[in-house]
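Thanks for coming. I have one structure to go through this morning, and I will keep to what can be read from the coordinates. Please have the sequence and the model open.

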Amino acid sequence: MPPKPKFTVLDQPLYEYLLAHRSPDDDVVNELREQTARLGDWATMQISPDQATLLRMLVSLIGARRAIEVGTFTGFSALAIARGLPPDGRLLCLDVSEEWTSVAQRAWKKAGVDGRIELRIAPAAETLRSLPLEPQFDFAFIDADKKGYLVYWDEIVERLRPGGLIAVDNVLWEGDVLRPEEQGEDVVAIRRFNERVLADRRVESVMLAIADGLTLARKLPGRAAGSSRPLSASPARRGTRRAAGRRGTAPAGSRRRGSATTRRSPRRRAS
């Protein structure tokens, strides 16, 4: 008889307990989150507070000095990553919205990390392809338009040092990855991306049930470019319970961020 799966389903009170038992946010973060909340539905594109804490800790734990982020929005994730870097560390942020990233830049300056961050406003795929094709990043965070995930993944893996770490957001798509009736462009793209990561022999990976699902992948040494395992059948045929909330697709210039309990909302794009 197989062992009973070990996991805890989060409801709102338990999630709030989880948030209350982590290192507290400072005034800069609280102000940024409040300012972003005033954007209404767009605010749900922001990463969750526990996700930000995790990103900062991961960057610090692996001793990252060079990082890259695809999709910046109002800058919460970039702020977390930059704070995990050493004083001479550098973070390259890719986005297409000058309006939203202007909010980010003010927060970075207040936090004293603006000197560590370079922001490029341009299609992310173009920027990535313009970078030297050599290992140059220790950490990467992808949270942008879902149809672009495969391109961002391949361009970044080629430029990640062996032992470097990639974090990718929204890989559960509020459970739609397992609902065969859900065939929107975003969820189809997420399913394909998840299978690609599973098949990619250049990395070892794990999918975490934090926010809307977060994949962590570590680049292995000595792996050839594009090396992959045969793709398995998608798990989308299997059923699952409905998630507490849902999100939809946004117009160009927007993208989705994960959170514990959300409703259908717009998303941010980085391409």
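I start with Y15, which is buried at a relative accessible area of 9%. Buried here means under 20% relative accessible area, exposed means over 50%, and partly exposed is in between, with a 1.4 Å probe and protein chains only. Y15 sits in helix α1, residues 12-20. Helices are DSSP runs of H or I with at least four residues, strands are runs of E with at least two, and both are numbered from the N terminus.

Before going on, the ground rules. This is a predicted model, in which local features need pLDDT of at least 70 and side-chain atom pairs count only at pLDDT 80 or more, while totals for chains, interfaces and linings use all residues. Residues are numbered from 1 along each chain as its sequence is written, and side-chain values use heavy atoms, with hydrogens and water left out.

D50 belongs to helix α3, residues 49-61, and counts as buried at 10% relative accessibility. What does D50 touch, leaving aside its neighbours within four places in sequence? The contacts, meaning heavy atoms within 4.5 Å, are Y15, L18, L19, R22 and I210. For R22, 28 residues away along the chain, the C-alpha separation from D50 is 7.6 Å. The side chain of D50 also makes a polar contact of 2.8 Å with that of S48. A polar contact is a pair of N or O atoms within 3.5 Å; within protein, one must be able to donate a hydrogen and the other to accept it, and residues adjacent in sequence count only if both atoms are side-chain atoms.

Now helix α5, residues 98-111. Its 14 residues reach 20 Å from first C-alpha to last, close to the 20 Å expected at 1.5 Å a residue; the expected span is 1.5 Å times one less than the number of residues. Which residues of α5 are buried? They are W100, T101, V103, A104, A107 and W108. These residues lie on the same side of α5, because they cover an arc of only 145° around the axis, taken from the directions from the helix axis to the C-beta atoms. An α-helix has 3.6 residues a turn, so residues three or four places apart point the same way. The cover over the buried residues of α5 includes α2 (27-37), α4 (76-84), β2 (90-95) and β3 (117-121). On the face turned away are the exposed residues E98, E99, K109 and K110. At the start of α5, a side-chain oxygen of S97 comes within 3.5 Å of the backbone nitrogen of E99. Just after α5, G112 has a positive phi of about 75°.

Two residues other than glycine also have positive phi. E174, at about 55°, is in the loop between β5 (160-169) and α8 (185-199), and is buried at 8% relative accessibility. A211, near 55°, is in the loop between β6 (203-208) and β7 (214-219), and is partly exposed at 24%.

Last, confidence. The mean pLDDT, the predictor's confidence in each residue from 0 to 100, is 87, and 82% of residues reach 70 or more. Over residues 230-269 pLDDT stays under 50.
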